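Dear colleague,

Here is the structure I said I would pass on. My notes on one helix and on the salt bridges follow below it.

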Amino acid sequence: MALTVQEVEATGLAAKPGTLTVNPREQLLLSLRGCHVTIPDMQSMISHWPQGVHPDIERLNEHVEKTFTSLSSSLEDATRLRKLKASNMPFFGASWWPYASYEALEAVTSMSIWLFVWDDETDSTEFSTISSDWGEASTFRQRTIDYIQQCLSGSSESKLSETSTDPIITGFKPVGQAMLKSCNERQLNTFLNEVIFFIKSCEEEQEIQLTNRLPTVEECARRRLGTGAVRVCIATTDYVLLRLSLYAYGITLPEEVMNDEAMQRLWNETNIIIATSNDILSFKKEVAQSQVDSLVALLSLELGSVQAAINHAFDIVRSATYRLEAAETDLLERYSAMPKVQGDIRKFVEGCKYACTSNLNWSLISGRYRLNCKSMEGGLHITL
């Protein structure tokens with residue numbers, strides 16, 4: 001049984017002068033560890049949505065291995081590289097974008113790897129050397145933004161080297177080059193804005209984590225719209241990489257369509273589905289790593305139990321799937337008189353649905369979340 005918000009606050013505020021104040025995160029962790037919970041079957045919820053694997057997954061595996069080899073010099077911790085390999089990034093890329101051209105598939109999979117590595121560098125309790133250093137982390141984030149801006153504007157090699165030589169930051173270079181070659185100015189600007197939004201969301205997350213205060217559920221949910229893009233995914237893969245679907249599938253939708261409120265709902269609901277699913281499925285790993293600034297942990301404070309929090313998060317995902325399908329219907333009806341545009345909308349919606357099903361399937365088998373299963377039939381029983 002999780003503590004209530006009032007109990008956690010009372011623990012810290014009621015300490016007598018001269019006594020140690022209990023850290024609310026440590027108190028919450030104590031209430032979570034050892035709990036037995038059941039995660040409802042999320043796969044059946046979206047079983048009618050498309051899912052598949054790119055036919056060139058074996059070829060992609062070779063590309064991923066080469067990428068890991070190039071990263072080995074910058075990731076000096078052998079355990080970090082081993083865990084990254086255990087994440088099964090070929091399956092991640094091949095299932096997120098099963099119908100992308102192979103060239104685009106390599107680019108977006110490289111982007112996924114870069115986002116995971118970058119995210120771990122800034123907030124992993126296992127590997128990060130700057131997660132507790134606000135100054136160093138802020139410098140790292142700004143240099144990342146500067147480097148990506150230079151990459152996407154086609155700056156020279158010398159200019160890129162002047163901006164940063166940090167191998168984790170410069171790992172973005174091949175992705176930027178691929179996008180610069182294939183994307184128009186509007187697509188590049190949209191992508192850049194989303195990367196900056198992700199990085200700024202990570203900044204906000206670290207700022208709260210360095211205090212002795214737990215975020216509210218509302219603060220966490222709002223921030224996850226940005227950081228979800230990489231926190232396994234998301235993020236970056238949740239949100240930033242979602243926007244790469246336009247590039248991966250070779251879709252160029254008119255600006256009118258991209259700005260349509262139904263399209264905005266579609267992106268938002270896809271983001272909510274992936275981010276919340278990640279929060280549910282990564283919960284075991286995060287508790288093991290003493291991380292509690294997450295949706296399920298914070299919901300357990302409000303609702304009084306971990307199982308109630310899991311059930312509520314599941315309901316959030318289910319409601320978002322209904323809203324996504326409603327947005328899809330609205331979009332297709334709105335552009336029914338424009339067959340080419342409507343066809344591209346169908347492709348993009350399909351890409352969003354692939355993102356949801358593949359991210360769920362990948363999360364179950366990836367070593368990153370320590371779940372080691374393929375099916376959620378009958379519910380997934382875990383001990384925190």
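Two residues are in contact here when heavy atoms of theirs lie within 4.5 Å, and a residue is buried when its relative accessible area is under 20%. Please keep in mind that the model is predicted.

First, the chain as a whole. The chain holds 20 helices and three strands, and 56% of its 384 residues are buried. Of the contacts between residues at least 6 apart in sequence, 77% join residues at least 24 apart. The exposed surface comes to about 16100 Å², with carbon and sulfur atoms supplying 50% of it.

Next, helix α7. This helix runs over residues 134-152, 19 residues in total, and spans 27 Å from first to last C-alpha, close to the 27 Å expected. Just after the helix, G154 has a positive phi of about 75°.

Which residues of α7 are buried? They are A137, F140, R141, T144, I145, Y147, I148, C151 and L152. These residues lie on the same side of α7, because they cover an arc of only 170° around the axis. In general, an α-helix has 3.6 residues a turn, so residues three or four places apart point the same way. The buried residues of α7 pack against α6 (102-123), α8 (157-163), α9 (167-170), α10 (173-182) and α11 (185-209).

Now the salt bridges, of which the count is 15.

- R141 and E203: the closest N and O atoms are 4.0 Å apart. The pair links α7 to α11 across 62 residues of sequence. R141 is buried, with a relative accessible area of 3%, whereas E203 is partly exposed at 22%.
- R80 and E121: the closest N and O atoms are 2.9 Å apart. R80 is in helix α4 (residues 78-85) and E121 in helix α6, 41 residues apart. Both R80 and E121 are buried.
- K181 and E103: the N to O distance is 2.8 Å. K181 is in α10 and E103 in α6, so the pair ties together parts that are 78 residues apart in sequence. K181 is exposed, at 63% relative accessibility, and E103 is partly exposed, at 44%.
- The network: D260, E261, R265, D330 and R334 are linked by salt bridges.

Regards

Note on methods: Residues are numbered from 1 along each chain as its sequence is written. This is a predicted model: local features need pLDDT of at least 70, side-chain atom pairs count only at pLDDT 80 or more; totals for chains, interfaces and linings use all residues. Side-chain values use heavy atoms; hydrogens and water are left out. Helices (H or I, at least four residues) and strands (E, at least two) are DSSP runs, numbered from the N terminus. The expected span of a helix is 1.5 Å times one less than its number of residues. Buried means under 20% relative accessible area, exposed over 50%, partly exposed in between (1.4 Å probe, protein chains only). The arc is that of the directions from the helix axis to the C-beta atoms. Accessible areas come from the Shrake-Rupley method with a 1.4 Å probe; for residues, only the protein chains shown count as cover. A salt bridge is a side-chain nitrogen of Lys or Arg within 4 Å of a carboxyl oxygen of Asp or Glu.
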